[in-house]
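Thanks for asking me to look this one over. My notes are below, in numbered points, for you to read alongside the model.

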Amino acid sequence: MKMKIEMRLWQALCAMLLAVVLVSCGGKDEVGSQSLISGADNKTWKTDRQEDATGDKQKLSDAEKQQNIQFYADGRFAMGGGSSLQTGTWSFDEAAKRLSLQFENENVTQNFDVQKLTDDEMRLKAADGSLMTLESE
C-alpha cells in the first residue's frame with residue numbers, strides 16, 4: 001500500500017516537473033532563425049506599431065506607414081517609402097538575438113535587440129529602449 005502511494009506521488013511530481021519545463025520553454029517571445037528575416041530570397045516588412053522607452057504607444061505618421069524594409073538573403077537591405085530609399089547590409093546574431101543594419105555610404109550602424117521573430121512578426125528594441133513591431137507583407 002505504501003509503495004503505491006509513493007509511486008503515485010513520484011508520478012505526480014514528474015508530471016508537474018514536465019509541465020514546468022514545457023511552459024518555460026514555450027514562451028510567446030520566440031526568436032527564430034535568420035531565414036525568417038529574409039525568407040529564401042527576400043522578404044518585406046512594414047511597421048505595425050511603435051512604443052517609446054516608457055512603453056507608451058506612438059502614433060505612426062503617414063510617411064512611417066508607407067515605409068517598408070526589404071531584407072535580401074545575401075545580406076543586403078533596402079528601406080524606403082514614398083520617394084526615399086536607403087540601402088545597406090544587415091546581419092543577425094542568433095545567439096545574441098541582435099540585428100544590425102549598416103547603411104551604405106554612411107558611418108551609421110543601427111543595432112536592435114530582437115525580442116520576437118516569427119514568420120510574420122518581428123519585434124525590435126532600439127538602444128534608447130523604444131520598441132518597434134514589424135509585420136511581414
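The points that follow go from the overall chain to the core, the aromatic pairs, the hairpins and one further residue.

1. A word on the basis. This is a predicted model, in which local features need pLDDT of at least 70 and side-chain atom pairs count only at pLDDT 80 or more, while totals for chains, interfaces and linings use all residues. Residues are numbered from 1 along each chain as its sequence is written, and side-chain values use heavy atoms, with hydrogens and water left out.

2. The chain overall. The protein chain has three helices and nine strands (DSSP runs numbered from the N terminus: H or I of at least four residues for helices, E of at least two for strands). Read from the N terminus, the order is α-α-β-β-α-β-β-β-β-β-β-β. Of its 137 residues, 28% count as buried (under 20% relative accessible area with a 1.4 Å probe, protein chains only; exposed is over 50%, and partly exposed lies in between). Among contacts (heavy atoms within 4.5 Å) with a separation of 6 or more, 43% join residues 24 or more positions apart.

3. Aromatic pairs. How many aromatic pairs does the rule give? The count is two, where rings of Phe, Tyr and Trp (its six-membered ring) pair if their centres lie within 6.5 Å, with planes under 30 degrees apart called stacked, over 60 edge-to-face and the rest tilted. F71 and W90 are edge-to-face, because their ring centres are 5.3 Å apart and their planes stand at 80°. This pair joins strand β3, which holds F71, to strand β5, which holds W90, across 19 residues. Both F71 and W90 are buried. The edge-to-face pair of F77 and F103 has 5.3 Å from centre to centre and 90° between the planes. F77 lies in strand β4 and F103 in strand β6, so this pair ties together parts 26 residues apart in sequence. F77 is buried at a relative accessible area of 2%, and F103 is also buried, at 5%.

4. β4 and β5 pair in the antiparallel sense over six bridges (strands pair if DSSP finds at least two bridges between them). G81 has S84 in β5 as its bridge partner. This hairpin has two residues between the strands, and G82 takes a positive phi near 65°. β5 and β6 likewise pair in the antiparallel sense over six bridges, with L99 in β6 as the bridge partner of F92. Their hairpin has four residues between the strands, and K97 in the turn has a positive phi of about 55°.

5. A residue in β9. Is T133 buried or exposed? T133, found in strand β9, is buried, with a relative accessible area of 3%. Leaving out residues up to four places away in sequence, T133 touches K46, T47, D48, R49, E121, M122 and R123.
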